[in-house]
Amino acid sequence: MHPFDVKTILFAKHAQHVVLIHFPIALFIIGVLFDFLGQWKKQQLLAVAAYYNLCVAAIATFPVVVTGIVAWQWELEGQKLKGILLMHLVMGCVSSVLICLVWFIHMRTRREQEDLPGYRLPIEAAAVVIVSLTGHLGGFLSGVNG
Amino acid sequence: MRSVLTIAGLTAALVLGTLVVCTGQSSHVANAQEKMPSIEVKIDNFSFGPATLTVPVGSMVTWTNRDDIPHTVVSTDDPKTFKSKVLDTNEKFSFTFSKAGTYPYFCSIHPKMTGKVVVQ
C-alpha cells in the first residue's frame, strides 16, 4: 500500500467516513441540547452556543456524506445496495437534510432578528432520533454495535 | 394387435433410451464434481474461517456469510482476481482457482477482515 495513494489514505484500514461521522453527530446532539436548555432556562447564551454547534454540525455533514458516497462508489463499485447498507444510506441522507434544516431555521431567525419558532423543537427532537438510529446502523455495519 | 405391440415396444425403447441418457448425464456431472472439490469458507463474527485455506488447483471455494451484517470477498491484487457483490446473511460467493499461487483477500466493508487461499 502506498501512503500517498488517495484510496489508501481514505479507506485502507482506516475508513475516513467512520472517523468523520462522529463530528456532526456530537455537535448536533449537543447543539439541540443547548437549544432545549436555552428555551427552558430562557438564556440567550445557551441559544448562541446552540447556534454555533448546529452551524459546525451542518458544515461537518458535507465531508461525511462525500466520504460515504465515495466509499460506496469506490469500495463497492456503486453496486445496488440493499438491507442495512441501503437503510443506512437513506437514513444518512435524511439525517444530513434534517441537520442542515435545523441550522437553516436558526440561521434565518438570527438573520431576521426574530424569536426562534416553536415548531423547531419537535423537528430537532425527531432529527436527534433519526441521527441516533443512523449512527446505530453505522456502528452495526462497522462492527462496533454488533 | 401387431400395431399395438409395435407402439408399446417403441414406447418402452424410448423410455429406456431416455433413462440411459439421463443416467449417463448425471453420472457425468457427478464425475465432474468429484474432480473439482468445493471447499467452504465461513464468514462469521467479522472473520473468515479458516483464515488461511490450502486447496489443490481447480478447486472451487465458496464463501458463505453467516454473519448478521453484510460482507464482501475481494482479492487484494490489482486487477482483482475475484470480487464478490455485497453478501447479506446466508448469501454465497464462489470462485474456482485454476492457477497455483497465493491469493490474499479481504472484506472491502471491513478492511481488517482478511484471509488467504493457497492454491497448490
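**The A/B interface and its surroundings**

In this predicted model, 18 residues of chain B touch 14 residues of chain A, contact being heavy atoms within 4.5 Å. The two chains bury about 1,200 Å² between them, with carbon and sulfur atoms giving 58%; buried area here is the accessible area (1.4 Å probe) that two parts lose on being put together, summed over both. On the chain B side, B:Lys83, B:Val86 and B:Pro111 lose the most area to chain A, together 30% of what that side buries. As a predicted model, it is read with local features needing pLDDT of at least 70 and side-chain atom pairs counting only at pLDDT 80 or more, while totals for chains, interfaces and linings use all residues. Residues are numbered from 1 along each chain as its sequence is written, chains are lettered from A and ligands numbered from 1 in the order in which they are written, and side-chain values use heavy atoms, leaving out hydrogens and water.

Two salt bridges turn up between chain B and chain A, a salt bridge being a side-chain nitrogen of Lys or Arg within 4 Å of a carboxyl oxygen of Asp or Glu. A:Lys82 meets B:Glu91 at 2.9 Å, N to O. A:Glu77 pairs with B:Lys83 at 3.3 Å, N to O. This second pair runs from the loop between α4 (44-75) and α5 of chain A to the loop between β5 (74-75) and β6 (92-97) of chain B; helices (H or I, at least four residues) and strands (E, at least two) are DSSP runs, numbered from the N terminus. A:Glu77 is exposed, at 54% relative accessible area, whereas B:Lys83 is partly exposed at 27% (buried is under 20%, exposed over 50%, partly exposed in between; 1.4 Å probe, protein chains only).

Over all chains the structure holds seven salt bridges. Within chain B, B:Glu40 and B:Arg66 form one, with the closest N and O atoms 3.7 Å apart. B:Glu40 sits in strand β1 (residues 38-44) and B:Arg66 in the loop between β4 (59-65) and β5, so the pair ties together parts 26 residues apart in sequence. In chain A, A:Arg120 bridges to A:Glu124 at 3.9 Å, and both residues are buried. They lie in helix α6 (residues 120-142), four residues apart, about one turn of the helix.

Back in chain B, strand β8 (residues 114-119) pairs in the parallel sense with β3 (residues 52-55) over four bridges; pairing takes at least two DSSP bridges. Strand β7 (residues 101-106) runs antiparallel to β8(B), joined by six bridges.
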